[in-house]
Amino acid sequence: MFNKILIANRGEIALRVIRTCKEMGIKTVAVYSTADRDSLHVRFADEAVCIGPPQSKLSYLKIPQIISAAEITNADAIHPGYGFLSENAEFSKVCEEYGIKFIGASADMINAMGDKATAKDTMKKAGVPTIPGSDGLLKDIDHGLGLAKEVGYPVILKATAGGGGKGMRLVHEPSQFKKAWDDARQEAAASFGNDGLYLEKFVEEPRHIEIQIIGDSKGRACHLSERDCSIQRRHQKLVEETPSPIVSQELREKMGQAAIKGAEAIGYEGAGTIEFLVDKHGDFYFMEMNTRIQVEHPITEEVTDYDLIKEQIKVAAGVEISGRNYYPQLYSMECRINAEDPANGFRPSPGRITNLHMPGGHGVRLDSHVYAGYVIPPHYDSMIGKLIVSAQSREEVIVRMKRALSEMVIEGLKTTIPFHLKLMDNEKFKSGNFTTKFLDDFDFSDL
């Protein structure tokens, strides 16, 4: 087992990793920018090293500084959390070159799954259902038009190096294709330095369902069932739950086995998710793989009593998994509490938290790094924390979440709490009858 782990991240995920390390008897090193000198992850780690100014590109994304911090503190492993360098193949490779264990996927695995066209081809060969569309990148606009006619409109153009909804365009008919093609390529080139596009059949009335997997160094994988991430805005998740209201045990088994096939096809090591779109007929299609821990991992932990961070660390240290799959024993839901103004397009609302009261009680968990007086900096994502509740039924979860949200007091800035409170009263949401387009028609006017 490792003696000391450096956490190459900040905020709640850094604190989350530190907690598990303490329970495992592993020393921790926090890295921080000057904007985060008063953050709790800095306070609770055994050691802390400043790695630069507030801008991410000069601190949390600066590989040489992070490697230097690991070397001067004698850390033998690095946990990247999520975001920042967690899916950066170069970072994984550099860690290996310096003899520091990267607690995550290898450079080859990240490269295989990071490029969406390559990932789709890999999954297709492994027998995982994929959305009809192009085999690899489109050669030119005529290639795209011909394929769109073949698979049938609507189709969607996607940037191969994409993420966060950038470089994506929906095309309903041939007359829209050229503009969509030009716009998607231009946005992809500007965002990722790569204007390569591929095409897929657009899945109508989709649900976004992901399967949590763990793989070990022997190439064996298991799954921990699904999470429903369909409540999202501009491809950014706001609420996640498990089990999904639309997934039967039969579908859970099928999706779980498909996810294991995909993970084992690349010899995947560590925690990851295989993400699927499920259509109104219950058919599911591979969308992408995330080769890291997910923001929403706590709800899986709550329904399976399984510490995913601990398992990540154990697998990285060479411990083999049991091989058995895990299924939900409870219901759990997570609301992302962000420093954003939902009444004004979720505009970021950084600033000082002047007053704070956190909810508690049976079945309530809050993963957060903030405190009264803490300043949410404008340089990073606006997450304040993740409110997770668990209960014996989905109905009880919604009631408990509403109670916990109503107890949560955060003053000094705008938060997403009013949105979540309104969502818990929405009849369509309560019925479980929604798609990824649910928020397109949501009324934000009275928040």
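This is a selection-by-selection tour of a predicted model.

Numbering starts from 1 along each chain as its sequence is written. Local features need pLDDT of at least 70 and side-chain atom pairs count only at pLDDT 80 or more, while totals for chains, interfaces and linings use all residues, and side-chain values rest on heavy atoms, with hydrogens and water left out.

**Stop 1: helix α1**

Select residues 11–24, which make up helix α1. Helices here are DSSP runs of H or I with at least four residues, strands are runs of E with at least two, and both are numbered from the N terminus. The 14 residues of α1 should span 20 Å at 1.5 Å a residue, and the end C-alpha atoms are 21 Å apart, which agrees; the expected span is 1.5 Å times one less than the number of residues. Ten of the 14 residues are buried (under 20% relative accessible area; exposed is over 50%, partly exposed in between; 1.4 Å probe, protein chains only). Among them are I13, L15, V17 and I18. Step just past the helix to G25, which has a positive phi of about 75°.

**Stop 2: the nonpolar cores**

Next select L6, I78, F91, F276 and M289, the residues that touch the most other members of the largest nonpolar core, which has 52 residues. Such a core is a set of buried Ala, Val, Leu, Ile, Met, Phe, Trp, Tyr and Cys residues joined through side-chain atoms within 4.5 Å. Apart from it lies another core of 36 residues, including V364, I384, M424 and L439.

Now centre on L6. Leaving aside neighbours within four places in sequence, L6 is in contact (heavy atoms within 4.5 Å) with residues including V29, V31, I66 and H79.

**Stop 3: T160**

Move to the loop between β6 (155–159) and β7 (168–171), where T160 lies. Is T160 buried or exposed? T160 counts as buried because its relative accessibility is 0%. The T160 side chain makes a polar contact with the side chain of D115 at 3.0 Å. A polar contact is a pair of N or O atoms within 3.5 Å; within protein, one must be able to donate a hydrogen and the other to accept it, and residues adjacent in sequence count only if both atoms are side-chain atoms. Among the other residues that T160 touches, beyond four places in sequence, are L137, N194 and Y198.

**Stop 4: the eight-stranded sheet**

Show the open sheet β13-β12-β9-β10-β11-β14-β21-β19, whose pairing is antiparallel; two strands pair if DSSP finds at least two bridges between them. β13 (284–290) and β19 (364–368) stand at the edges with a single partner strand each, so one side of each has no neighbour in the sheet. Neighbouring strands are turned by 25° against each other on average, direction ignored.

Select β12 (270–278). Nine of its nine residues are buried, so β12 is largely enclosed by the rest of the structure. Nine bridges join β12 to β9, and R207 has V278 as its bridge partner. On β13, E288 stands opposite E275. β12 and β13 form a hairpin with five residues between them, and G282 in the turn has a positive phi of about 85°.

**Stop 5**

Axes are lines fitted to C-alpha atoms, for helices over the stretch in contact, and angles run from 0 to 180 degrees between N-to-C directions. Helix α13 (residues 417–424) lies across β10, β11 and β14, at about 150° to β14.
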